Amino acid sequence: MVTRVNPPSAERTSPPGAGPRPAPALSEGVRVRVLRLVYGDPRAAAELVARLTERQAAGLDPLPAEPADLAPETLRAHRHEIRALPDGTRLVLLLAAADQYPVATHAFLRAVAAARLDTRPLEAAEAAGIAHATAGGVGFRDAWTRIAAYETAAPADRRDAHRLLARVLHGAAETPRRSWHRGAGALGPSARLAAELTAAAARARAAGDPALAGALAERAAALCTDPGERSRLLAEAAADAWRRGDGDRSRALAARTDADALTGILALRTGHAGEAFDALLAGAVRAAGARPAPGDPLPGRDGSTAFPVSLPVASSGTSPVAPHEPVPHEPGEAAGSAPAAPVTHLLARAAEAAVYTGDLRRCREAALVAGQSGIDPPGVLGGIAAAVDGRYEDARNLLEATAGRCGPGGDPTLLLHAGIAALMLGDHTRAATATVRAAAAARALGVTAAVSQAMEFRAYADFWTGRPRAAEAAALDALRQAYATGQDNGACHLQAALAMFAALTGDEVLCRERAAAARSYALAHALGLPAALAQWALAFLDLGSGRFDAAAARLRALAASGPGHGHRAIRHLATPHYVEAAVRTGETRVARAAHADYDRWARAVGSADDLALSARCQALLTPGADAVEHYRTALRLHAEGTRAFERARTELLFGSALRRLRRRTEARDRLHSAMEAFESFDAPHCAESARAELRALGAPAAPTRGDRRPTVHLTAQQLLVARMAADGATNREIAARLALSPRTIDHHLRGVFTRLGIRSRIELVRLLADADGG
């Protein structure tokens, strides 16, 4: 999915003598980040878009980071306004801007008092509408005006302003900001100041302020005289930028270093997953000094074992960090042990990259390096490696140990791995707890990049437990955050997840568009997980719509896909659906083989949900009345689990089997229960399947609900579109905001009108107003 920003031709910058250069087509992630970089200013956005290279427009290279490179014409106009002000006014504005940009220090009033400055000249700025006095100092009209007030001043004046601000910052908590101003006021390189800034950055990092830490580290690098130390400081600044959600600046800084491991970490979230794995594993090997014996190939190349899990795992992994970040202590890792800390994190990321590609055999390589390094495989790595080897009981024990570390107040990395492990074990309640706590911990630490990843997995927990609206809303929110923070690989996976949610609700147009967008990006970046999830979404859509041949064909193709195209985890996750489609199309031999491996995993893990689905598969594979007891077993197990939607599907299949066996009373009860459940899940196509079975039974189906409240009948996506439309946005404007086509928005609005029984936007505005008022 790409969108196009069309700036007015007069605002585009072109080489002398050339006509206006047409605005390039932007990927959705680039579009979101462009608006973020220019503070939402549409004119500045148009100017920046016209200046992007093709690689920047496609998201392959980072966007510009400095204001002068973002929108020079916009900044030039603001500078012109500043230069028109009296000298005294410009001086006051410079001091206020230096106090706010690029690091907020809140020392303006103290600096004014210490220097006995006259603030009356500020009245000229107020009269011009440029700035105004506030209780804390000065408020600028907008971000560009603040930047212009700073950059218009002479370098010597800027240094004087920083030195004045540094003199009035005395508190112990203000030490990092005092160091910042001292560094900004320096005349040239200084090893002493660089060391002070480095220490201040470490304190800011420990206090959970990656924005301040990054600014200090960058300034320290600028003042540093040693090339090796400068590279290290830039790597730290790049990691800080990533933590605070500034992916473009992080990538730009990383390109100025020789930190291959950091490059691999960034590639995990924005680049080619296979290349990310290679860089991360190589970094771990170098950090640990662990190498395979000469001539001893790494295990896992035969591809003989499937990976049995109950959920897509580690699609986006944990928050990318530099090797210098504090590491949660894994089993067998001593506190403060070096080199275990960087090795642990790099191996965890390498495992995530392997899962991303779908080449799960690579997890064995990472596990081997861990063993040679004398540390236990971190996070879910050990469980994945055991599962790849077919050691299901060992995998269960290792995953259970990881899932158990989901207490409050933990490290977001540890909590997210706990959530992933819980999802693999089918424990959705614990997964929801761990992922919510991971997001909270990430926010508390200022690790913005990790929040959307935690929300990703929370969406799965909501989805499986019968809360599709909450799941869709969480995924949409996470998608926006992923795009804004430069995590395009994570955004791809979320697109695929949203395709799955659309398949559940029977929204064919949206499902196909989301799946196509996910697969297109995934195949270009070797992202086997989202590619497979999108394929599964399409198969699930076919299955729910009664297109059993198409569903079976898609699931067969999924099973045959190689790394970067499919994913064994998704293939296994979709096994119950494949068995259903295969039985309908006569492929019972293949279905039995698929079920046998699934059943072995379900029994090893002991998840009530997985055991219920295995019993359902057995019922489908058992002819006649002998299937009834398997269905009863499945429903008994469903009652102990949390996957409410799959329970409804089991009831639908059981009711259909009972109808064919002429057990009318129980069939009617099961089918009515399934129909009501599907309606509550907003799965109208599945509900219609239950109604069709009831009609075939000769039993009346309950009428659809007459309640027209939007919050009752609309999916999260439909409700979002409806609210935008009610606010006056056009279909094209809504499409640009949601990364969808105008055709899909039109489809959504028609669905909204149909579900609510209305015929115009005026009625929609009234209904939403009534709902919000109630």
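Leaving aside its neighbours within four places in sequence, with which residues is Glu646 in contact?

## Glu646 and its surroundings

In this predicted model, Glu646 has its place in helix α35, and the residues in contact with Glu646, once its neighbours within four places in sequence are left aside, are Trp464, His577, Leu613, Arg616 and His638. Glu646 has a relative accessibility of 2% and therefore counts as buried, since buried means under 20% relative accessible area.

The ring centres of Phe645 and Phe681 are 5.6 Å apart and the ring planes stand at 50°, so the pair is described as tilted.

Phe645 counts as buried because its relative accessibility is 5%, and Phe681 counts as buried because its relative accessibility is 8%. Phe645 and Phe681 also belong to one aromatic cluster, which is formed by Phe540, Phe645, Phe678 and Phe681.

## An edge-to-face pair of tyrosines

A pair of aromatic rings is described by the distance of the centres and the angle of the planes. The count for this model comes to seven aromatic pairs, and one of them joins Tyr101 and Tyr150, whose ring centres are 5.8 Å apart and whose planes stand at 75°, so this pair is edge-to-face; the reasoning rests on the rule that planes over 60 degrees apart count as edge-to-face.

Tyr101 is found in the loop between α6 (87-100) and α7 (108-115), whereas Tyr150 is found in helix α9 (residues 143-151), so the pair ties together parts that are 49 residues apart in sequence. Both Tyr101 and Tyr150 are buried.

## Two helices side by side

Helix α12 (residues 191-206) and helix α13 (residues 210-223) have axes that come within 8 Å and cross at roughly 165°. Because of this angle, α12 is roughly antiparallel to α13, as angles over 145 degrees count as roughly antiparallel. The crossing of these two helices, α12 and α13, is left-handed.

On the side of α12, the contact is made by Ala191, Leu193, Ala194, Leu197, Thr198, Ala200, Ala201, Ala204 and Arg205, and on the side of α13 by Leu212, Ala213, Leu216, Ala217, Arg219, Ala220 and Leu223. Sorted by class, the contact of α12 with α13 has 13 nonpolar residues, one polar residue and two charged residues.

Methods:
Residues numbered from 1 in each chain as written. Predicted model: local features only at pLDDT ≥ 70, side-chain atom pairs only at ≥ 80, totals over all residues. Heavy atoms only, no water. Axes fitted to C-alpha atoms, helices over the stretch in contact; angles between N-to-C directions. Helix = DSSP H or I, 4+ residues; strand = E, 2+ residues; numbered from the N terminus. Parallel < 35°, antiparallel > 145°, perpendicular 65-115°, else oblique. Left-handed = near helix turned anticlockwise from the far one by under 90°. Contact = heavy atoms within 4.5 Å. Nonpolar A, V, L, I, M, F, W, Y, C, P; charged D, E, K, R; others polar. Phe/Tyr/Trp six-rings, centres within 6.5 Å; stacked < 30°, edge-to-face > 60°. Buried < 20%, exposed > 50% of the residue type's maximum accessible area, 1.4 Å probe, protein only.
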